Amino acid sequence: KEHGKMEQKIAKAEAQVAALRTALEDPAIAHDAERLIQLMAQLKEAETAMDRLYDRFMELESLMSGGA
């Protein structure tokens with residue numbers, strides 16, 4: 001069950017990371033240090049969450065293929 005939902009969760013996490021990266025590239029916030037710091041923190045959290053999802057997905061793949 002969990003494995004079937006992982007791809008959807010990963011896609012959502014990837015989209016969130018991409019959106020935050022796009023926001024950081026917006027010239028309109030280049031001079032807004034507070035907003036830049038906020039977005040960088042959000043990006044770090046999103047990347048960490050995405051990495052955890054990838055790790056769990058690989059773990060589930062390994063279990064399903066009989067590996068340890």
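Reader: Why does Glu34 count as exposed?

Author: Exposed means over 50% relative accessible area, buried under 20%, and partly exposed in between (1.4 Å probe, protein chains only). Glu34 has 67% relative accessibility, so Glu34 counts as exposed. A word on sources: this is a predicted model, where local features need pLDDT of at least 70, side-chain atom pairs count only at pLDDT 80 or more, and totals for chains, interfaces and linings use all residues. Residues are numbered from 1 along each chain as its sequence is written, and side-chain values use heavy atoms, with hydrogens and water left out.

Reader: What makes H1 roughly antiparallel to H2?

Author: Helices here are DSSP runs of H or I, at least four residues, numbered from the N terminus. The axes of H1 (residues 2-24) and H2 cross at roughly 155° and come within 9 Å. Angles over 145 degrees count as roughly antiparallel, so H1 is roughly antiparallel to H2.

Reader: What makes Arg21 and Glu47 a salt bridge?

Author: A salt bridge needs a side-chain nitrogen of Lys or Arg within 4 Å of a carboxyl oxygen of Asp or Glu. For Arg21 and Glu47, the closest N and O atoms are 2.6 Å apart. Arg21 lies in helix H1 and Glu47 in helix H2, so the pair ties together parts 26 residues apart in sequence.

Reader: Why is Arg21 called partly exposed?

Author: Its relative accessible area is 42%, so Arg21 is partly exposed.

Reader: How many salt bridges does this rule give?

Author: The count is two. Glu59 and Arg56 also meet in one, at 2.7 Å, N to O.

Note on methods
Axes are lines fitted to C-alpha atoms, for helices over the stretch in contact, and angles run from 0 to 180 degrees between N-to-C directions. Helices (H or I, at least four residues) and strands (E, at least two) are DSSP runs, numbered from the N terminus. Angles under 35 degrees count as roughly parallel, over 145 as roughly antiparallel, 65 to 115 as roughly perpendicular and the rest as oblique.
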